[in-house]
Amino acid sequence: MFKWANLFGSKNNLEKEIVSPNGRNTCKFILKNGEVFYQVLCDGKVIIDESRLGFLICGEEPIGNNLKLIRTTMKKHDEIFEMPWGEDHYIPNKFREGAFYLTESTSAKRILTLRFRVFDNAVAFRYEIPAQPKFQRITIADELTEFNINLNSVAWKIPAYEPDRYEYNYEKATVSELTNSVHTPLTIKTPTGYYLSLHEAALYNYGSMTIKLQNQKLKTDITPLSDGTKAHLALPFETPWRLIMIDNSAISLTTNRVMYALNEAPRQDFSWVKTLKFIGIWWAMYVGEWTWAPGERHGATTRHAKEYIDAAVRLGIGGLLIEGWNNGWEGDWLQNGINNSFTEPTPDFNFTEIASYARIRNIELVGHHETVGFIDNYERQLEAAYDYYAKNGVHYIKTGYAGSQMMINGRREYHHSQLGVLHYQKTIELAAKKQIMLDIHEPIKGTGIERTWPNLLTREGARGQEYEGGAILPSHACFLPYTRLLSGGMDYTNGIFDITNNVKRVSTTLARQLAYFVTIYSGMTMAADRPFMYENNYPDMFKFIHDVPTNFEMTIPLAGEIGEYYVVARKSRDLKTWFIGGVTNEFPRRMHIDLDFLENFVYEATIYADSPDAHFRDKPFGYEITTRKIQKTDSLDIYMAPGGGFAIELKQL
Ligand code: NOJ
Ligand code: CA
C-alpha cells in the first residue's frame, strides 16, 4: 500500500517578493507554518491569492513540518532570442528570478528548490527535486499546486479526459463552475478586467496539467497513469513550469510568448528545418470520393499521387501529404489499427516511383503514420518507419493518434499522461536525428518545446476543419486565437473551397477560408481541399493561399474579443509584405483598421473580402477582390459577413 506524504512543511514563517522588471507584477513566496505558498499581484492588485504548493508522494514518510529555507538566490535576466520559424522572429526573455532552496530539519533532510520567474506579462515557477542519497526515485501521487483565483472570473474551457482528446468546442463558464477537469491553456478574465492564461511550459516526462476546482480553489489535476499515480520519476527532476500569463486585453494575450522563453535553446543543429505549405490526398476521403482503405475508390494510388504532384507543381505549393498509403486501413481502421504497418505500401501504391517523381519535380512528400494510438505497435516499427521515409527523401511526416486512449505497454493510457508525453517526445527526438519534421495530430498540447525541437513544425490538438459538416460553429475559430493557439501553431487544415459540399457542409464564407492562413499560424500549413477546387473554381482566391508564407517576422494583433472576432497582421520574413487576416462569429462586423504599423513605403493592397450580401449559410461564395495603393497614414474599412472573414496582402512597391 502507498503511504501518502506531504512533501512540504515548515515552522518557519517568511515572505519574499520578486518583482518584474517594470515593477508591474509581483510574486510572493510564502513559507508559513511548515507549508509553502505563493501569491501574485499585478498593479498592486491581487490576481492570484495565497495558493498552496507541494506534492503528495507515494510510499514515502511524511516529509514533515520542518521545511526551512537554507538559501535564496535572486537574479536578473534580459535577452532576446531568435526562433527559426514562427509568428515572431525575435522573442524577449526578460525576468527577475528567485530560487528558494529548502530542506527538512528532520533526519531525512530531503531537499527541494522552488524557482520563480517574474516577467512583465507572466509569472512562472517550477519545482526542482535534486538527486539525494535517500531519495532517488519517486512516484508522484498528487501535485498540490493551486491557482487561487476569484471564483467569479470567467473561463473559456474544453473538458479533459474525454474521448476526443482536445477536439471540443470552447465553452464559457465561471471559475466556480470548473468542477470537472479542463485542459490548459485555460484562459480567464478576472472581475477586475485582467486576462490570464493558466498553462505550463516545457512539459517532459510528466503528466500534463489539467485544472479543476477543489475546495473552492483551482488546483492542478495531473493526468494520471493507468496505475492511478501521476508520474514515476528518477531524480533529479524538474517539473514543467507552471505558467500564469497576465495581460490587459484578450488581444494582447494572443502574443504572449513567455511559454517559449521558458524553454531551452536547441542543443543541436536544426538549420535543415523548413516550414512547408502542402496539399493532400485527404479531403477527398472526408467528402466520400476516395477511401483510406484499398479498393475501387482508394485515394493513395500511384496514379492519384502523380496527379496531385503535378497539381502541386501547377499551384506552386511545395508539399503533398498522402494518407492511406500503407497496410492497415482495411475494414474498421479504428479497431484494426493494432497491426498497422509503417513500411509496407498497398499494392497499388508504388512508393519508390512516387518518391522519385516528387523529387524530380521539387515537391516535398509529407508521409503519414496513423498509429490509432497503438503505441506498442508503432514504437516497435519506429526506427524502420522513419528510415523508410528518410531513405526515400521524405523529410516531413504527419502522425496521428486517433482513438480515445493509447495502448502503451499493453495498458490503456491517456494521450496526455506521462507515458503519452514520453512517447511523443521519443518521436520528436528520433525525427530530429533523422532530419525529419513533424505535424502531430491528436498530439500532446504545446508547451513551447518547439523552441528546443524546431523540427516539430505543428500539431493539431483542437477541433479542426475535419469536424465541419455540422460540428463547427463560426465562433469556433474566434475562440482559438485566445485559447488553443496560446500553446503554439495548429494544423487546422485551412482552405476548404468546396463549402456547399453535401457530405461536409462548411460553416464559413469563402473569403474566411483565406483568413485562416493568417489567423491560425502553423509551421506546416495545409491547403486542404482537392486541387481542382483551386485551379478550376476559384483561382483568383487561391492566389492568396499561394502567396501567404508559413513563416513570419512579426505578428501584431489588431483587434478582437474572445469568441467574437480576431484581426491580426503578420509581416513576412523577407520584410517586404504584410498579411492581415480577420474572422468573425455568426455576427457581421465592419472593421476599421489603422495602418500605422506599416513602414514608410507605398504598398499595393489586395483585399479578399466578403461581399455585402455574403453569409456563411445562404451565400458563402459572395466575395470581392479589390486592389489599391495605400500607406501607413491610411486606414481600411473591411466588412465581415456572418461566419465570414477577410485576407489582405500588402506588397511593398
Ligand atoms: C485524424 C486526423 O486529425 C486527420 O487529419 C486524419 O486524416 C485522420 N485522423 C486519419 O488518420
Ligand atoms: Ca484530429
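Between which two strands is the loop in which Pro185 lies? In this predicted model, Pro185 belongs to the loop between β14 (171–174) and β15 (186–189), where strands (E, at least two residues) and helices (H or I, at least four residues) are DSSP runs numbered from the N terminus. Local features need pLDDT of at least 70, side-chain atom pairs count only at pLDDT 80 or more, and totals for chains, interfaces and linings use all residues; side-chain values use heavy atoms, without hydrogens and water. Residues are numbered from 1 along each chain as its sequence is written, while chains are lettered from A and ligands numbered from 1 in the order in which they are written.

View 1. The peptide bond from Thr184 to Pro185 is cis, with omega near 0°. Another cis peptide bond, with omega about 5°, joins Leu235 to Pro236, and Pro236 is placed in the loop between β19 (231–234) and β20 (237–238). Thr493, in the loop between α9 (476–479) and α10, is a residue other than glycine with a positive phi, near 60°. Most residues other than glycine have a negative phi, and most peptide bonds are trans.

**View 2. The surroundings of ligand 1.** Of the 13 residues around ligand 1, those that come nearest are Trp282, Glu323, Glu370, Lys398 and His441; a residue is near if one of its heavy atoms lies within 4 Å. A polar side-chain atom of Lys398 lies 2.7 Å from an oxygen atom of ligand 1, a distance of 2.7 Å also applies to a polar side-chain atom of His441 and a ligand 1 oxygen, and for Glu466 the corresponding distance is 3.0 Å. Taken alone, ligand 1 exposes 300 Å², of which the protein buries 95% (accessible areas by the Shrake-Rupley method with a 1.4 Å probe).

**View 3. Packing of α4 with α6.** Helix α4 (residues 302–315) and helix α6 (residues 351–360) pack at an angle of about 10°, their axes 10 Å apart, and they are therefore roughly parallel (angles under 35 degrees, between N-to-C directions of axes fitted to C-alpha atoms over the stretch in contact, on a scale from 0 to 180 degrees). Thr302, Ala305, Lys306, Ile309 and Asp310 in α4 meet Glu353, Ile354, Tyr357 and Ala358 in α6, contact meaning heavy atoms within 4.5 Å.

**View 4. Packing of α10 with α12.** The axes of helix α10 (residues 510–519) and helix α12 (residues 539–547) cross at roughly 5° and come within 9 Å. Leu510, Ala511, Leu514, Phe517 and Val518 of α10 make the contact with Met541, Phe544 and Ile545 of α12.

Conventions. Angles under 35 degrees count as roughly parallel, over 145 as roughly antiparallel, 65 to 115 as roughly perpendicular and the rest as oblique. A polar contact is a pair of N or O atoms within 3.5 Å; within protein, one must be able to donate a hydrogen and the other to accept it, and residues adjacent in sequence count only if both atoms are side-chain atoms.
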